[in-house]
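Reader: I am new to this structure. Please show me how to read its features, one at a time.

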Amino acid sequence: MDKGKIHEVISESIIPERDQNKRPVLECSHLGITFGGLVAVDDFNLTVGATEIAGLIGPNGAGKTTAFNLLTKVYQPTRGTILLDGQDTRGMSTMQVNKAGIARTFQNIRLFDKLTVEENVKIGLHNQIKCSTVSSILRLPNYWKTEKEAHEKALELLSIFDMQDMADYKAGSLPYGAQRRLEIVRALATNPKLLLLDEPAAGMNPSETAELMENIRKIRDTFQIAILLIEHDMNLVMGICEGIAVLNFGRIIAKGSPEEIQANPTVIEAYLGKKKED
Amino acid sequence: MKGKKTLNKTSKNNFITMGGLLLVYVIVLILKEGGITTNLINGQLVPICAYMIMAISLNLTVGILGELSLGHAGFMSVGAFGGVFVGTLMQEVSDSKVLCLLVAVIAGGLMAAVAGLLIGVPVLRLRGDYLAIVTLAFGQIIKSIVNILYVGLDSEGLHVSFIEKCEVLDDGKLIISGAMGATGIRKLSTFTFAFIVLVVCLIVIFNLIQSRTGRAIMALRDNRIAAESVGINVTKYKLLVFSISAAMAGMAGTVFAYNYSTVAPTKFDFNTSILVLVFVVLGGLGSIRGSLIAAALLTLLPELLREFSDYRMLVYAIVLILVMLGTNNPKIRDFFAKMFARKKTAKEENANG
């Protein structure tokens with residue numbers, strides 16, 4: 001690989017035009033993490049616009065999920081800085097990062113299986129609709145008010161995916177696709193500025209994926225938030241992402257619009273291997 | 001609306017539990033006043049209530065928060081001796097029995113809550129088996145400390161000493177005397193008082209579970225990483241559960257201690273912790289009603305099995321194993337489910353007809 005060429009690509013901005021004048025919601029610079037001797041992610045530079053839908057792609061084991069775990073502080077980065085809407089997240093915990101405005105879904109679904117769909121969303125609303133433990137135990141008026149508020153808000157959020165009717169089901173008993181959608185609703189309930197989706201279309205059939213694409217656009221338009229997604233389904237990525245970053249061996253090897261990425265020889269090489277020169 | 005229904009369903013279940021408990025209370029009270037129950041059973045009423053409180057409070061930690069605790073008797077011990085100590089001081093000030101007991105129970109609960117916080121702060125970085133081991137050690141430490149603790153009260157004030165007996169003037173007495181434990185306790189606990197404490201604890205737990213706080217706690221149980229990712233403060237809620245659970249165990253301890261004239265520290269040892277854990281597991285993790293029933297039956301069972309004399313504990317163990325096997329056997333479960341379903345459909349038909 002030609003190093004000079006990579007840096008040339010990185011310097012290109014992929015923020016869509018409408019977000020040019022706004023502060024980017026996420027600015028990572030030189031982010032990296034080392035596990036023992038293994039450099040899992042290195043020199044990760046990424047900027048996401050305020051209402052951008054961006055994609056992070058790459059072969060298996062490239063470090064995409066690790067990058068998400070760095071952004072949400074499941075792992076503390078070894079190097080580099082993350083600016084969330086201009087605020088440095090250095091030293092924050094996963095919980096604090098969520099409060100600051102990053103919500104995520106997980107590649108291997110992590111729902112609260114034994115609780116109902118509605119309760120799952122209400123847990124997402126934990127920091128939005130507050131009621132103290134004491135007033136809950138004593139059933140003070142504030143408890144009834146906030147419970148009603150949370151119930152209505154939860155149903156409203158579930159209606160994004162037409163899931164109001166499932167509100168009473170146990171989350172663990174839902175079909176796979178519905179569980180993925182519920183995870184997105186739960187993440188949205190935390191009122192994020194940036195939504196991280198880790199393989200949202202995994203295990204979905206083509207029609208479900210098409211519906212998901214529509215919904216992701218709808219979410220961006222309604223909530224005016226930025227979405228960064230990891231996905232292997234190229235139809236989805238090329239269909240909705242405005243900017244795409246390609247990760248390989250823990251480093252970003254290319255950034256650009258879907259068209260640029262599709263034509264980029266470095267990316268093709270990362271996915272398909274080098275053409276034999278003879 | 002559908003969402004409303006779930007709330008009602010859980011609430012309905014809670015009301016059934018409450019109602020059933022009240023009914024049992026009234027029946028037992030009538031039997032007791034009518035002189036039908038034996039002294040043996042009358043003597044067990046307060047301990048049963050205390051163990052019920054222990055079971056539901058441990059269920060809060062094990063079933064709702066999902067952390068195994070093997071030192072619950074330690075909190076009971078703190079509550080028992082702390083409560084008796086404060087209660088004895090109160091007797092100097094006030095003659096009212098109920099007031100003394102009430103202050104003692106609250107003090108016992110508070111002291112145990114503080115103990116819960118103290119152990120919680122360093123320990124809650126641990127999870128699963130490691131946490132269980134530390135709570136086990138905590139229970140043993142409490143027992144050992146009380147075993148060598150001497151507290152005396154006389155006209156010169158309080159005397160506290162470890163290992164060696166402290167000197168008390170003739171006009172005073174030893175409240176806690178080492179391995180003998182608390183001696184000369186006035187038997188203030190009554191069945192009604194113990195029952196009221198139980199109901200208060202029950203209401204607190206029911207209301208807690210069905211709230212924002214309760215959902216956060218259950219979220220931690222189901223998936224900690226996901227809970228953190230939606231902004232739930234893990235440390236805060238774990239500490240909260242630990243201290244609430246400890247406070248209830250402490251109250252149970254005070255109620256328990258005031259049922260006897262002497263309480264030894266060995267009463268609250270590892271075996272007691274395991275006994276309470278058995279109540280919780282047998283009644284079903286997370287099932288408050290199950291904990292209550294299991295606690296009542298398993299406290300009564302050894303007493304009812306007295307006619308087997310030497311073979312008492314053997315029969316007790318066999319009954320335990322049979323119940324465990326029975327409730328886990330899919331065929332037996334199916335059988336009960338069918339029985340229940342048939343009853344229900346019959347009822348509905350009647351209602352429709």
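Author: Two packed helices are described by the angle between their axes and the distance between the axes. In this predicted model, the axes of α4(A) and helix α7 (residues 176-189) of chain A come within 7 Å and cross at roughly 30°. That makes α4(A) roughly parallel to α7(A), the term for angles under 35 degrees; over 145 counts as roughly antiparallel, 65 to 115 as roughly perpendicular and the rest as oblique. Axes are lines fitted to C-alpha atoms, for helices over the stretch in contact, and angles run from 0 to 180 degrees between N-to-C directions. Helices (H or I, at least four residues) and strands (E, at least two) are DSSP runs, numbered from the N terminus.

Reader: Which residues of α4(A) and α7(A) meet?

Author: From α4(A) come Val117(A), Asn120(A), Val121(A) and Gly124(A); from α7(A) come Leu182(A), Val185(A), Arg186(A), Ala187(A) and Ala189(A). A contact here requires C-beta atoms, placed from the backbone, that lie within 7 Å. By class, the contact has six nonpolar, two polar and one charged residues. Ala, Val, Leu, Ile, Met, Phe, Trp, Tyr, Cys and Pro count as nonpolar, Asp, Glu, Lys and Arg as charged, and the others, Gly among them, as polar.

Reader: How are the residue numbers, the chain letters and the limits of a predicted model to be read?

Author: Residues are numbered from 1 along each chain as its sequence is written, and chains are lettered from A and ligands numbered from 1 in the order in which they are written. This is a predicted model, in which local features need pLDDT of at least 70 and side-chain atom pairs count only at pLDDT 80 or more, while totals for chains, interfaces and linings use all residues.

Reader: What is the strand order of the six-stranded open sheet in chain A?

Author: Strands of a sheet pair through backbone hydrogen bonds, either parallel or antiparallel. Two strands are taken to pair if DSSP finds at least two bridges between them. The order in this sheet is β6-β7-β8-β3-β9-β10 (chain A), with mixed pairing. Its edge strands, each pairing on one side only, are β6 (102-104) and β10 (251-256) of chain A. On average, neighbouring strands are turned by 20° against each other, direction ignored.

Reader: How many bridges join the strands on the β6(A) side?

Author: β6(A) and β7(A) run parallel and are joined by three bridges; Ala103(A) has Leu195(A) in β7(A) as its bridge partner. Strand β7 (residues 194-198) of chain A then pairs with β8(A) in the parallel sense over five bridges, and Leu195(A) stands opposite Ile227(A) in β8(A). Strand β3 (residues 53-57) of chain A also runs parallel to β8(A), joined by four bridges, with Gly55(A) opposite Leu229(A). Helix α2 (residues 64-71) of chain A lies across β3, β6, β7, β8 and β9 (243-248) of chain A, at about 150° to β7(A).

Reader: Which way do the residues of β8(A) point?

Author: In a regular strand the side chains alternate between the two faces of the sheet. Ala226(A), Leu228(A) and Ile230(A) point one way from β8(A), and Ile227(A) and Leu229(A) the other way. Five of the five residues of β8 (residues 226-230) of chain A are buried, so the strand is largely enclosed by the rest of the structure. A residue is buried if 20 or more other C-beta atoms, placed from the backbone, lie within 10 Å of its own, exposed if 12 or fewer, and partly exposed in between.

Reader: Is His30(A) buried or exposed?

Author: His30(A) is exposed, with 12 other C-beta atoms within 10 Å. This residue lies in strand β1 (residues 26-35) of chain A, and its phi is near 55°, a positive value in a residue other than glycine. Asn191(A) likewise has phi near 55°; Asn191(A) is found in the loop between α7 and β7 of chain A and is partly exposed, with 17 other C-beta atoms within 10 Å.

Reader: How many residues of chain A are in contact with chain B?

Author: 35 residues of chain A are in contact with 25 residues of chain B. On the chain A side, the largest share, five residues, comes from α4(A). The residues of that side divide into eleven nonpolar, twelve polar and twelve charged.

Note on methods:
Contact = placed C-beta atoms within 7 Å.
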